Amino acid sequence: MTIPCIPYDLDLFFQYLFAGLTYGAMYAIVAIGFNIIYNTTGIINFAQGEFVMLGGMIAISLMTFLPLGYAIAAAVLITMAIGAVIEILFIRWLESPSVLRMIIITIGISILLRESALHIWGESIRSLPYFYGNEVTTFNLGSVHISPQVVWVIAACAVMMAGLSLFFKATPIGREMRACAANRTAALLCGINTRNMVTLSFMLSAGIGALAGCVMSPITYTQYDSGTSLAIKGFTVAILGGLGNSLAAVAAGILLGIIEAFSVTVVPLAFQDAIAIAILLLILFVRPYGIFGSSEAARLKDF
Amino acid sequence: MSSGNDRALDDCEPLLALHGVHKRFGGLHAVNDISFAVATGSIKAVIGPNGAGKTTLFNLIAGNLPVSAGTITFQGQEIQGKKTHAIVRLGMARTFQNIKLFHGMTALECVMVGRHVQSRCGFFAGLFNLPFTWKEERASRARAMELLDFLQIADLAQVEATSLAFGQQRAVEMARALAAEPKLLLLDEPAAGLNIYETAEVARLITTIRDMGVTVLLVEHDMSLVMDISDEIVVLSFGAKLAEDTPANIQQNAGVIKIYLGEDDAG
């Protein structure tokens, strides 16, 4: 097995490192979306990638008559509403469905969203403009050139993490969502409407996904089917960190991003996606509860 | 039912009343035509051998399971068929035989979740942390601390609840139930797994809770606890009501003695 060697050129090394961090932060955001729904419902929402795509696409469409900031805010709100509608239509009325059934339903939802997007936006590849400057704007850190959008992506990830941990730690609703995740029966008996909490978790995941879709759009571009590969990467990261653990997801996301970035020094670029899948398979065989998770905690979950 | 006790139960409408409640699981008749009433301000116990249907009965009252037939009235309002969280909102809280605390939360946070039904602020105020929410949050924190203090575990408020000792976890669960400021408290085997000193402490707590104006309905195996604190006892056997009387009379009841001392049909 070849160990990815550090490029002799130190500048190149940092260039790869920042590329890895950027992609890692994006994967982490998608993974957090998986985790929020997993935590409150115990299901993996395979339509998470489509939320990311929808956020980007809606923001791009709104850009025609709204300034960038408002377009992103509106796109996030609209995607949250879509998330809520999906939960109410397809999930809410099910009485204790099996994990397999839920997986098939969410895969169905993802196909539905993807095909709807194809009808609305067509096959063309779009993107939001760079939030600051354009694709050739860089600022220099020593001799390393960094695009300002990279800073936006990393900052969005950091702000989201901080906001979420504040939400779950310090607000009554956040605490009730955690209660619902930890023990649904007991939460019900505290008078909490757990179904509303599930709807809320779909809204939250959709909103986070949409915001991710907006900040990454200038770098990765947005197409009707761009959600699929992101969902696979996000899922890999969520599993790698240990399902349900959002802080570990950030670490795992950055790890995967950096591995991918440095892999180009040893394998052709075309194999980059194969690396994520290989890691996913390896983790599922060796440590299905994630590198930061414990097998004991995993046994308490349904999945 | 029986008239031999000194409490005038007919004076006020009972807080909780069951009329002909049935529960069938397929062919199994788990709860068979149960009727009884719980008077406001009393302590009532449900006893019976294992498998008599006590926990099923609790699940029916709390709305965790739908009844197959019969009515359950709480404060004059029929509650069978209502959702659990709606019943809780009416003023009924419960604890579990197998403790169900929230993994990853401190004792204080667990109790604060119990305050949920007391929360006046709506969904969006809660989400965006408007000043009103902060005020309510402070009040809720203060009340949760008060309850932990009442249960003598205030010093453990910041400890993760699921890492506490068994008896302490039970106390946290009781604090969480009380945090909802219920009118009726359902306790499912509050003394299970406790030693005699802890059991005596639980007995003292339950009577204190009653004296604070909370009506208590409990399921319990520990006979000394039940006999000491209950105003009335309902005995279940194979899903049916065998007797309902004061502790003194229950101890004399031939049918009850038979199922507990075990003839060949006993559980």
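**Briefing: domains and contacts in a predicted model**

Eight residues of domain 1 of chain B are in contact with seven residues of domain 2 of chain B; two residues are in contact if their C-beta atoms, placed from the backbone, lie within 7 Å. This is a predicted model, in which local features need pLDDT of at least 70, side-chain atom pairs count only at pLDDT 80 or more, and totals for chains, interfaces and linings use all residues. Residues are numbered from 1 along each chain as its sequence is written, while chains are lettered from A and ligands numbered from 1 in the order in which they are written.

**Domains of chain B**
- Domain 1 covers 1-91 + 183-267, and domain 2 covers 107-181. These bounds come from an automatic or database domain assignment.
- On the side of domain 1 of chain B that touches domain 2 of chain B, α2 (84-89) and α7 (196-211) of chain B are the elements giving two or more residues. Helices (H or I, at least four residues) and strands (E, at least two) are DSSP runs, numbered from the N terminus.
- That side of domain 1 has five nonpolar, one polar and two charged residues. Ala, Val, Leu, Ile, Met, Phe, Trp, Tyr, Cys and Pro count as nonpolar, Asp, Glu, Lys and Arg as charged, and the others, Gly among them, as polar.

**Where chain B touches chain A**
- Chain B has 25 residues in contact with 17 residues of chain A.
- On the chain B side, α2, α3 (107-114), α4 (123-128) and α5 (131-150) each supply at least two residues.
- By class, the chain B side has nine nonpolar, 10 polar and six charged residues.

**Chain A**
- Chain A has 12 helices and two strands. From the N terminus on, its elements run α-α-α-α-β-β-α-α-α-α-α-α-α-α.
- The radius of gyration of chain A, taken over C-alpha atoms, is 19 Å, close to the 19 Å that the globule rule gives for 303 residues, so chain A is as compact as a globular protein of that length. The globule rule is 2.2 Å times the number of residues to the power 0.38.
- Its C-alpha atoms fill a box of roughly 60 × 50 × 35 Å, taken along the principal axes.
- Of the 303 residues in chain A, 47% are buried (20 or more other C-beta atoms within 10 Å of the residue's own, with C-beta atoms placed from the backbone).

**Confidence**
- The model scores ipTM 0.75 and pTM 0.81.
- Chain B has a mean pLDDT of 84, and 89% of its residues reach 70 or more. pLDDT is the predictor's confidence in each residue, from 0 to 100.
- Over residues 1-10 of chain B the pLDDT is below 50.

Key:
A residue is buried if 20 or more other C-beta atoms lie within 10 Å of its own, exposed if 12 or fewer, and partly exposed in between; C-beta atoms are placed from the backbone.
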